[in-house]
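Reader: I have a structure to look at and would like to learn how to read it. Please take me through it one feature at a time.

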Amino acid sequence: MNEKIVTLDDATFDEHVKASEVPVLVDFWAEWCGPCKMIAPVLEEIAEEQAGKLQIGKLNIDENLDVTRRYDVMSIPTLILFKDGEAKARLIGAKPKGQLLKDLAEYL
């Protein structure tokens, strides 16, 4: 995985998201999810291009049920953008890079 993408879990999620000085886009995913695998390279590109302006984190829903339930993640991939520790935007499903950047533009 790209070193610009942080792997989050139930234990590190709150600390990382609240402590971040830049918005954090969390990818709720699972190993068995085809669309999750399709969006992964797009998120890696965005992590490279937006370094310093946006942090990307990945949270495996099968291994981290507490955070998954807390944010009512029902389908994946779900991307939730956190700014100042608060969930500000929720994007569901695999989207092309241009659409993701457009949806996130107001937070970058």
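Reader: Is Ser20 buried or exposed, and how is that decided?

Author: The model is a predicted one. Ser20 has a relative accessible area of 17%, and the cut-off for buried is under 20%, so Ser20 counts as buried. Ser20 sits in the loop between α1 and β2.

Reader: How far is Ser20 from Gln55 in space, and how far in sequence?

Author: Their C-alpha atoms are 8.1 Å apart, while 35 residues separate Ser20 from Gln55 in sequence.

Reader: Where does Leu54 lie, and is Leu54 buried or exposed?

Author: Leu54 belongs to the loop between α2 and β3 (55-60). With a relative accessible area of 5%, Leu54 is buried. Setting aside neighbours within four places in sequence, Leu54 is in contact with Val22, Pro23, Val24, Leu25, Ile46, Leu81 and Leu108. Leu54 and Ala19 are 35 residues apart along the chain, and 13 Å separates their C-alpha atoms.

Reader: What does a partly exposed residue look like here? Take Lys4.

Author: Lys4 has a relative accessible area of 33%, which makes Lys4 partly exposed. Lys4 is in the segment before β1 (5-8). Not counting residues up to four places away in sequence, Lys4 touches Ala47, Glu48, Ala51, Gln55 and Ile56. From Lys4 to Ala89 the chain runs 85 residues, and the C-alpha atoms of the two are separated by 21 Å.

Reader: Now the nonpolar cores. Which residues of the largest nonpolar core touch the most other members?

Author: That core has 18 residues, and the ones that touch the most other members are Phe13, Val26, Phe28, Tyr71 and Ile76. Two or more residues come from each of α1 (13-19), β2 (24-29) and β4 (78-83). The most come from β2, which gives four residues.

Reader: How many residues are in the second core?

Author: The second core is separate and has 16 residues, among them Ile5, Leu25, Ala89 and Leu100.

Reader: What is Ile76 in contact with?

Author: With the sequence neighbours within four places left aside, Ile76 is in contact with Phe28, Trp29, Ala30, Trp32, Cys33, Cys36 and Ile61.

Reader: What should I look for along the backbone?

Author: Most residues other than glycine have a negative phi, and most peptide bonds are trans. Pro77 is found in the loop between α3 (65-70) and β4.

Reader: What is phi at Asp72 and at Asp84?

Author: At Asp72, which is not a glycine, phi is positive and near 50°. Asp72 lies in the loop between α3 and β4. Asp84 is not a glycine either, and its phi is positive at about 55°. The place of Asp84 is the loop between β4 and β5 (86-92). Asp84 counts as exposed, because its relative accessibility is 66%.

Reader: How do I read a pair of helices?

Author: Two packed helices are described by the angle between their axes and the distance between the axes. Take helix α2 (residues 34-49) and helix α4 (residues 97-104): their axes come within 10 Å and cross at roughly 50°. That angle makes α2 oblique to α4. The crossing of α2 and α4 is right-handed.

Reader: Which residues make the contact between α2 and α4?

Author: On the α2 side they are Ile39, Val42, Leu43, Glu45, Ile46 and Glu49, and on the α4 side Lys97, Leu100 and Leu101. Sorted by class, this contact of α2 with α4 has six nonpolar residues, three charged and no polar ones.

Terms used:
Residues are numbered from 1 along each chain as its sequence is written. This is a predicted model: local features need pLDDT of at least 70, side-chain atom pairs count only at pLDDT 80 or more; totals for chains, interfaces and linings use all residues. Side-chain values use heavy atoms; hydrogens and water are left out. A nonpolar core is a set of buried Ala, Val, Leu, Ile, Met, Phe, Trp, Tyr and Cys residues joined through side-chain atoms within 4.5 Å. Buried means under 20% relative accessible area, exposed over 50%, partly exposed in between (1.4 Å probe, protein chains only). Contact means heavy atoms within 4.5 Å. Axes are lines fitted to C-alpha atoms, for helices over the stretch in contact, and angles run from 0 to 180 degrees between N-to-C directions. Angles under 35 degrees count as roughly parallel, over 145 as roughly antiparallel, 65 to 115 as roughly perpendicular and the rest as oblique. A crossing is left-handed if the near helix is turned anticlockwise from the far one by less than a right angle, and right-handed if clockwise. Ala, Val, Leu, Ile, Met, Phe, Trp, Tyr, Cys and Pro count as nonpolar, Asp, Glu, Lys and Arg as charged, and the others, Gly among them, as polar.
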